[in-house]
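Here's a quick tour in questions and answers, for anyone meeting this structure for the first time. Have a look at it, then read on.

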Amino acid sequence: MNRTLLLLSAAGLLALGALSLGKPPPPPAPPAPPVTDTSHTVAQPDEPPATTLLPHVMSLPDDGALVLSGKLSGSYIQTGPSEAFAWLEVKARPNPAAARRVPVNLALVVDRSGSMSGQKLADARSAAVELVRRLTAEDRLALIHYGTDVKVLPSRPVTEAVRQELLSAIANIRDDGSTNISGGLTEAAVALRPHLREYRVSRAILLSDGQPTTGIVTEPELFHLTRQLRDEGITVSALGVGEDYQASLMRGMAEQGGGFSGFIEDSARLAEVFSRELDQATSTVARQVELRLELPPVARDAQVLGLPSTREGTTLKVPLYDLAGEQSIRVVVKLTLNTQVTSDALPLLQASVRYMDVPRDMRAETKLALSAVVTQDASLVRANLDREVRVHAVRALGTQQMRAAAEEMKRGNRGAAMGLLGNARKLFGSSADALSGELAELDQTQAAYEGASSDDEVRRESLKLYKKTMKNFGENNAY
């Protein structure tokens, strides 16, 4: 290398060094996102079972028809992002007038569309006859049946003469036209409204295969309709007819309408279903029941597992069904939190239940607040987890997977359905002793589904699984 080239190379190196020294340092890597503590949600592989049993927090005593109680999944929450559960129970007191049957204002809405032809319409007619035979002259009944058009027999006290007229009209219902569910419910409301003040319990009972083809046909709009009727004081029960009925639609209308849902498999179940529906209506102690969850600033989100809810600002509203004496509803709420260390217990959830108290004929409300202490000590959090709420939470999480599996079964996605059932099994397995019954039922479902050789058998297993999810979610408004 000659001298000139050497000098140029050295100069270049010096220049590069100078540039390097003057270059600003690279920006620091962004901090890793904080890890969400899932102590309340997920059991660790080496974690011993929770043994703590926290006391229930009870609503303030009053003379109302409903009592609200609940507790959190632990008495401590770890600082920063975390998840926790709240378990709530709404329970009706014994009916003080249990010996006195409550007269009811009813509308029976029967689907007679073309899709109901044959055995389905025959079962619907038999169900209608069963109801008419059980009513007394203290009760009112309007009979509505619909295809594309809607026909109405007006609301009247069910005297013997009216009973015979109703039975004759039911016998002459023939299948015809499209499925106008909204038209039938709208006419039911027209028949019921004039008597809402006279009767403390008013109910529309829908019998259908749940496949709307005219009028309002979308699920959200039909749910909105039944919610409007409920807000007026008209409870809506939705009973499915035929194995191919739309379970999610009928269930959703009952949830939003505050009533019961069920499936009339055959004539043998008619007496049972209508006995329960009428007993429920005539012994109601609380209607227009709504659970309200008020979230504090530390609660980033809340999810009510298995039940519909709407959020307005920091309030979550959950419509619940009418309650007869000593009936109850269990609700599991998953909370997403972000907290700082506190010396005192921090409010995490304020719950209230608003309802119409039937025995006292007045609006009522009961409420409670749930709190926990925030700590940086992870071992303290785990040592104070509630074993009872952990089981309720795991059951609800697994049941979410089961419900999704039922939907995949209906769609014919066998692989997806089996995968979701496997997810449910893993969750139940984390509390195998407490959830042995759920595990056994899940095994039966998997075996039956794997052995199903026809679309009808698959549909039947899907329906059975959907029914199991309602029971697991703590819902007692299904037949």
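Helices here are DSSP runs of H or I with at least four residues, strands are DSSP runs of E with at least two, and both are numbered from the N terminus. Keep in mind that this is a predicted model.

Q: Between which strand and which helix does Q246 sit in a loop?
A: Take the strand first: strand 9 covers 234-241. Next comes helix 6, at 247-257. The loop that holds Q246 runs between strand 9 and helix 6.

Q: Is Q246 buried, partly exposed or exposed?
A: Buried needs under 20% relative accessible area, and exposed needs over 50%. Q246 comes out at 29% relative accessibility, so it counts as partly exposed.

Q: Which residues does Q246 touch, leaving out those up to four places away in sequence?
A: Let's set sequence neighbours aside, up to four places away. What's left for Q246 is a set of contacts with D209, G210 and Q211.

Q: How far apart in space are Q246 and Q376, C-alpha to C-alpha?
A: Along the sequence, 130 residues separate Q246 and Q376. In space, their C-alpha to C-alpha distance is 49 Å.

Q: How much space lies in the largest cavity?
A: Searching the whole structure turns up four cavities of 30 Å³ or more. For the largest cavity, the space comes to about 80 Å³.

Q: How many residues in the lining of the largest cavity are nonpolar?
A: Twelve residues line this cavity, with Y245, S261, G262, F263 and M470 nearest its centre. Helix 6, strand 10 (258-264) and helix 12 (455-472) each supply at least two of the lining residues. Split by class, the lining has two polar residues, two charged ones and, for nonpolar, eight.

Q: Which strands are at the edges of the open sheet of five strands?
A: The strand order in this antiparallel sheet is 1-2-4-16-12.

Q: At about what angle does helix 9 run to strand 4?
A: Helix 9 (residues 387-411) lies across strands 2, 4, 12 and 16. Against strand 4 (80-92), it runs at about 95 degrees.

Definitions and conventions:
Residues numbered from 1 in each chain as written. Predicted model: local features only at pLDDT ≥ 70, side-chain atom pairs only at ≥ 80, totals over all residues. Heavy atoms only, no water. Pairing = 2+ DSSP bridges. Contact = heavy atoms within 4.5 Å. Axes fitted to C-alpha atoms, helices over the stretch in contact; angles between N-to-C directions. 1 Å grid on protein atoms, 1.4 Å probe; cavity = no way out; pocket = protein on both sides within 12 Å on 5 of 7 lines; lining within 4 Å. Points joined across faces, edges and corners; volume = space filled by probe spheres on them. Nonpolar A, V, L, I, M, F, W, Y, C, P; charged D, E, K, R; others polar. Buried < 20%, exposed > 50% of the residue type's maximum accessible area, 1.4 Å probe, protein only.
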